[in-house]
Structure formats: structure tokens, C-alpha cells
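I opened the model today to look up a few local features. My notes follow in the order I took them.

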Amino acid sequence: MSSIHPFLRHLPKDIARLAELSLDLGWTWNHAADILWKEMAPAVWARTRNPWLILQSISQKRLEQLAGDEKFLIQIEHLMQAQRDYSSASTWFGSMHPDSETLVAYFSMEYGLAEALPLYSGGLGVLAGDHLKTASDLGVPLVAVGLLYQEGYFRQMLDARGRQLEIYPYNMPASMPITPVRDADGGWLGVPIELPGRTLILRAWQAQVGRVSLYLLDSNDPMNSPADRGITAKLYGGGVEMRLVQEIVLGIGGWLTLRALGLRPDVCHLNEGHAALVTLERARQFMQDNRVDFREALWATRAGNIFTTHTPVAAAFDTFPLALLAEYGATHYAAQLDLSPHELLALGRRHADSDGESFNMAYLAARACGTINGVSQLHGVVSRRIFQGLYPDWPQCEVPVGHITNGVHVSSWDSPWADKIWTGTCGKDRWLGMPEKLSCAIRELSDEALWTFRGEERSDLVHYARQRLARQLGQRGADAETIAQAGNILDQNVLTLGFARRFTEYKRPNLLLRDAERLARLLADQSHPVQLIIAGKAHPQDETGKRFIQAWTEFECRPEVRAHMVFLEDYDMNLAQEMVQGVDVWINTPRRPWEASGTSGMKVLVNGGLNLSELDGWWAEAYAPEVGWALGDGMEHAEPGWDDVEAEQLYRLLEQEIVPMFYRRDAQGIPREWTARMRASMSQLAPQFSSNRMLQDYVRDAYLPAAAAYRRRSAGGGSSAKELAAWESTVRRHWHEVHLSNKEAQQRPDGWFFTLHAYLGDIPREFVQVQMYADPLEGGAVEVQVMECQADIAGATHGYVYQCFIATARPVTDFTPRVIAWHQEARIPVEVNLIHWFSG
């Protein structure tokens, strides 16, 4: 077994395969083995849900007993066969794209896969974990890169006054389901990165997520200095310098690791701008391999880079002062790219020539990636506004940021009861293919079936909340009587609301607490009681967020509220799973448009929970009256009193619609209106906001087009990329010579006939495109008509007559001529943003 892992003790031969089962993180969403692990070590399983730790901690005597248990051995064989069947089964990607040789490399600063591998802080990491799990289920050829944190993100405790305390337990690699990556000689792979005055050695670990390999980089090597060993200590810990070095490790170190493993991805997918430096290192390696310059290498590799932004405000982008970049070798790295320091830094600035502007990782990602996307329809609109400055003179609607709305890995978030009801109606393999087919089957579920499984989920959540609160009180040193009272909170038959978020101002976590007396009356109502479960962390430096938490814990202590509300500390994936499975209504109150997507509300869908949310992020495109409830008016409001308006709306929805509907029962005790909403939400939204749909969107709209473009440009040593670089050089050098004149419009019965003179200087006319442009009408698309060159202008050098006819009822004043740089292989304007408008 030491060949699998150096820290693994000797396992008896007959149960040695347990090591393989425990190291495949497929158990985080396939729960067939749960009974086996629980049988081996009930206490360890209940507390950690970590099979690998069970193998580390169980006694040798117990292992020998299990090795002699024929029934247990049959269980192992069944699980091993199921694992083999899963690995060898045909997949969605293999069926849809049988000849594809694409390989995607996914880079993320954090991954939320399970509490056994705590490498996440919140939604970004959980989304990354769901992305990997879905890639495994669908057979998408993907490898992932991240960091192995020695402490990770903090664990939360509350003191006796309800103040948040931050605890940083050490993550022991020996107790996590990961293995050292071996090099060709069998040694532990060490990846060197050159830093000023020293070489940083990164150790590589591997986590196996079903069919997907996740490579984790670790600076805690004895060959490094004490300071460098701490680079991968904390997730989002330390100051700006630590963040920069971590991003060097993720981007540059991540690409070097893939190279050392012999992997040559076609596509690099950046999950946020933290990994933007991978685009430079990828180009640098292409330069070396093909003996081309940086601009040619960037033209080759950029097409294969994808940047997903999750940020709703520009102020949240990672920026670094120039002095710090110089300290970490920007000048030396620029020389390796055959660039001047100014040219290198310009890639990360909004204004390339602004020498005082900080270096922005999101701007680098935008300039070095051929595809950019936000994570919801609304976030795409917001992101086009944020990135507008990189595309001066382009209409905001044409800023090249699309959107692929997030989704959740349903099998990781459904309850046992939801799994049973979905399996019965849609089959065991329902989340391994096209999700659109699932809606019809769920619509056939009876009210009785829906209400029964909803009650089972709520009951389980109440039981879990009591246990977790008791443990929480015990940790604070409470007496036995106080701990015992935890068994009396909440009621299995009462309408249960859930709110669990990062506690920060823009998420407005205390909107529901704005009128504490009114909320107390709602919760303690004798005939129609309501109960509330709250959880969430504040960033260690966010004092406002910490005060929000304290306000809730003070409210929780009110005598009339105590039995109806609980704040559960240390919000983690285990607690999130229980809450999204058990709550009746999930509440989300961000300030629009600051929620890029949000995925917690998506997780309740499969479990029959309903959403009450601000019209922001994913809910702005998901909401319909029959599937849940909406806050706000779908607009952005900066006025100070708007929070009061929405707090009143929140209370009114609860008091007048939600609570009465939940308790309005027929003779069989079933709330038919409520179950109708459950059915509509489950059938319409659960498939649509699954990560199956999300990843299929990425494959169709991003991965495969990016891979094809990268292969075209990199073929023949980058011959196409060289042509593109030469084209760009020509148009940039002579762009100031372009001007337009003599615009004429003749009205026809069914539209307008336009004529225009274009003077292109020394730019060949095939290097540009002359267009007529009109802004989109409400709810419509941009109108762009390419004008055709009809003749040379007599007596002019590089002057041409362009014409086009547009069938339209719009007035002529809606249309404006323009010239853009154009090449059939270039992505405009993401790669070249040159544009010239007619101004006559």
C-alpha cells in the first residue's frame, strides 16, 4: 500500500482495496459506500465524513476483524465493481464528441469538494468543486490545478457575546484523501519557480475526483525558507504581497506542473483572475518551443484561454502596486518574454500608457484570453459595464463579455429522500446526460409524494440543527442543562426559513432583522409559527459583517424567539448540505447587482425548497411567480431608504403570502398551492440550473471553439499566429490614417440604401471591415450590416466606395458607419479593439 500513499498503514490483503475507494472523491456525491464507512468507525464518520481518515485511525484489530467478515468483503467487491462500471461507462462527452482530443486545464484558487479536503472559503470554491465533479460525470476531459493550504480558510466560533472568533486548524496532508505526485524516476515531483534571489520548490499532490485529476501545489517543503514555506499556509490570508506570490504559484507554477507531467492542454480555463499569470507562462513556453516572439505566441495561445469573471464590482479585482511587481522580478520576467517592463505592465492596466496605474489581474486575463464570460445573464451585463474601459469607443452591448449561468452539481446537494423520488421518476443516471429531459417526469409527481418527502427532509434538518447546536454549546463550555435545551429548539412541522451567506454589507444579511419586533411576532405566532436557521461567516477584517452576526446572536437569545431560531456557527459544506436539503424557503437579500450569480438557492431546487430572493444574479433570470417569490423591482437603487422599502416587502411577503400558503391545508392535510410551487420549481428550475447544463454550455460555447482555434493557430509552429501578429502590427501602425466621409442614404420602400467613402491609408482593405451600426432596440440585438466595397475613389490612394442596403423601418438617424480591424481568424474586439466611427 505504500506505493499508493507513503502515509498509509498496512491494510490486510483482503481489504486493501479500501485505500483505492477512499482516495477517489467520487464518494463525496455517490453515497453507496456511506454505510460501509459508518460501519467501520461510526464516530469518525459522523464527525469528519472522511474515509481516508478512517483508514488512518481505525485499530489494526478492527481491520483484521473486517478482513475476516465475508459480508463486509462482498460490500467492498460491489463498491469496487460500481467504481469500475462508472469509470468505463460511456459518457455524455464521449457520445457527443467521440473524436475530440481536447484537454482542458482548469485553474482555481480554491476548491470546495468536501470537508475532508477543506480548500475553499465560499461560493467560488464550491462552484469549482461542482465543476470538477460534473466534468467527471459527463466525461469532459479536464484536469485541474489549485493550491494545498496548510490551514486554509478560518473556522468560525462565537464567543459568549456572539462575537466571531477565527480559528485556523492545521490541515495534515496525511489525513486528507490526496497522494504525492511522482516524477518519472519515482521521486516526489518538485516544481521549481525562480523568485528574486532564490528558487521556490513546489511539491505536487493529486486528488482524484472521479475521472478528473486535481493537482495541488504546496510550498511547505523543507528546501524552502520558512517564509516561503508559508506561501500556501492560508487561503486569502496575509496581505497583498502574499496574494501576489500565491497567484504566481497558481498561474506560473500551475502551468509548469502540467508541463512536468507531460500534459499539453488545448484550453486553459481561469476561474476568476487569480490565475491570470498562467496566460503569460503559457505564451512564454510557446515562444521557447516554437521560436517565435511574444506577440506571435500570445496570438497562438490566447484563443485557447477562457476567463470566467465572478466579480460584480471593479474594486474587487486583484491589483498590485508596481513596486511590488518589480520586487518579484517583473523586469526579469519581461526579459524572458522579450518585452520591456512597460510592455509587460501594460497588459494589466486599463490605460496601457498610464505608468502610475496598478497592475490588475482581471485586465491581464481579459487581454490574454480569447473568451470572457460572466456567471449569470445579469452579471454579463454588469461585466460589460465593468470592462468597458478596455474597449474604448465600443458600445457597451458589444464589449466581448458573454455569460454562462452557474449551476450546481445536483448529486452533491440532494437529500436521500430527494434522490429516491428523482430516481423513481427520472432514473438512476438522470444527472449524467441532458438535463432538459427531466422536467416532464417530475411534473407527474403527486402532491402526497411531494409533501411527504418535504416533511422527511425538514425533520432531518431539525434533528441535525439540534445536534450541531449542542456541540456548539459544549465547545463554549456550557453546562449540561444548557446543552440539553438544544434538544427543544425548532419543530419538525413548522415552516422553516433558511439564510446562510457570507456576512458582508452588500449581502444585507440583516435585512430580515430590520424590524426585530415584527420578526419576533412572525416567528412566535401561535397559530402559524415560523422558524429560522441562520449561518454564515464574516471575513476576519470585516467588522461590519461581524456586527451583523452579533446582532443575530443577540436576537436569538430573546426568550420568545429562542425556540424558533438558531444561529449555527462555522458555516461549511456539511452544514450547507443539511440546510439546502431541509429548509422550506431559502432567503437571499443581496443589493442588486452585487450578486454575480449565487448558487446556494439553486441547491434547494432539487430538494423541493422554494426561493425568496432579490432579483439579482441567477434569480433575475429564473424567477417566475409560480416557482417562488421575488424581492425588489428588478432595478438598481442607490438611495439610502431603499433597504427599508425592501425590508417592508420581505415582511409583507412572509406575512401575507408565504406563511398563509404553507398552512392552508385541505382535508388530507396537504397545502396544495405550496406543493404546486414545489412541483413547478423542481421541474422547471432544477434541471436548468444544474451544473450539467452549465458544463455542457461551456463545452459547446467555450471549450470546443477555443480548442479548435488554438489548434489552428498553433499548427505548423504557429504559422497562423505569425500571420495574425503581422496583421495586427499593420493595422495598429496605420490606424490613425483611417477616416470616413461622404455618407449618403437613399430611402427605399423597404429600407435604406447607404453609400460611404472610406480612406484606409496604408492598410489593405481586406484588413478591415466597414459596417453600418445601430443600437439595439429594447429587447433586441445590435444591428450590424457589413458594407461591400464597390469601387476605388478616383484620384485617391487607398480610398474606396462602400455600399449596403438595410431592410428596416428604423429612421436613418439610427445608423452610423464605422470601420473595425478585421481578420477571419481574429476575435474582435476581444483581441484587437480598434474602431473608427463616422463623425460627419
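This is a predicted model: local features need pLDDT of at least 70, side-chain atom pairs count only at pLDDT 80 or more; totals for chains, interfaces and linings use all residues.

**Entry 1: salt bridges**

I searched the whole structure and got 55 salt bridges. I picked one of them, the pair of glutamate 77 and arginine 17. Their closest N and O atoms are 2.7 Å apart. I then checked where the two residues sit. Glutamate 77 is in helix 6 (residues 70-88), and arginine 17 is in the segment before helix 1 (18-23). The two are 60 residues apart, and the pair links distant parts of the chain.

**Entry 2: helix 12 against helix 30**

Next I looked up how helix 12 (residues 294-302) packs on helix 30 (residues 691-734). The angle is about 125 degrees, and the axes lie 7 Å apart. Angles of 65 to 115 degrees count as roughly perpendicular and those over 145 as roughly antiparallel, so helix 12 is oblique to helix 30. The crossing is right-handed.

Which residues of helix 12 meet helix 30? I listed Arg295, Glu296, Trp299, Ala300 and Thr301. On the helix 30 side I found Tyr710, Arg713, Ala721, Lys722, Leu724, Ala725, Trp727 and Glu728. I sorted the contact by class: seven residues are nonpolar, one is polar and five are charged.

**Entry 3: sheet 23-24-28-27**

I turned to the strands. Four of them form an open sheet in the order 23-24-28-27, with antiparallel pairing. Which strands are at the edges? They are strand 23 (739-748) and strand 27 (788-792), and each pairs on one side only. From one strand to the next, the twist averages 25 degrees.

I followed one pairing in detail. Strand 23 and strand 24 (residues 751-759) run antiparallel and are joined by eight bridges. Histidine 739 has tyrosine 759, in strand 24, as its bridge partner.

**Entry 4: sheet 26-25-29-30**

I found another open sheet of four strands, in the order 26-25-29-30. Its pairing is antiparallel. Strand 26 (783-786) and strand 30 (835-837) are the edge strands, each pairing on one side only. Here the twist averages 30 degrees from one strand to the next.

Again I traced a pairing. How many bridges join strand 25 to strand 26? I noted four between strand 25 (residues 768-774) and strand 26, which run antiparallel. Methionine 772 has glutamine 785, in strand 26, as its bridge partner.

**Entry 5: backbone checks**

I finished with the backbone. The peptide bond from arginine 592 to proline 593 is cis, and omega is near 5 degrees. Proline 593 lies in the loop between strand 20 (585-588) and helix 26 (600-603).

Isoleucine 828 and proline 829 are also joined by a cis peptide bond, with omega about 10 degrees. Where is proline 829? I placed proline 829 in the loop between strand 29 (816-821) and strand 30.

Last, I checked phi. Arginine 49 has a positive phi of about 50 degrees, although arginine 49 is not a glycine. I located arginine 49 in the loop between helix 3 (42-48) and helix 4 (51-57).

Technical notes
Residues are numbered from 1 along each chain as its sequence is written. Side-chain values use heavy atoms; hydrogens and water are left out. Two strands pair if DSSP finds at least two bridges between them. Axes are lines fitted to C-alpha atoms, for helices over the stretch in contact, and angles run from 0 to 180 degrees between N-to-C directions. Angles under 35 degrees count as roughly parallel, over 145 as roughly antiparallel, 65 to 115 as roughly perpendicular and the rest as oblique. A crossing is left-handed if the near helix is turned anticlockwise from the far one by less than a right angle, and right-handed if clockwise. Contact means heavy atoms within 4.5 Å. Ala, Val, Leu, Ile, Met, Phe, Trp, Tyr, Cys and Pro count as nonpolar, Asp, Glu, Lys and Arg as charged, and the others, Gly among them, as polar. A salt bridge is a side-chain nitrogen of Lys or Arg within 4 Å of a carboxyl oxygen of Asp or Glu.
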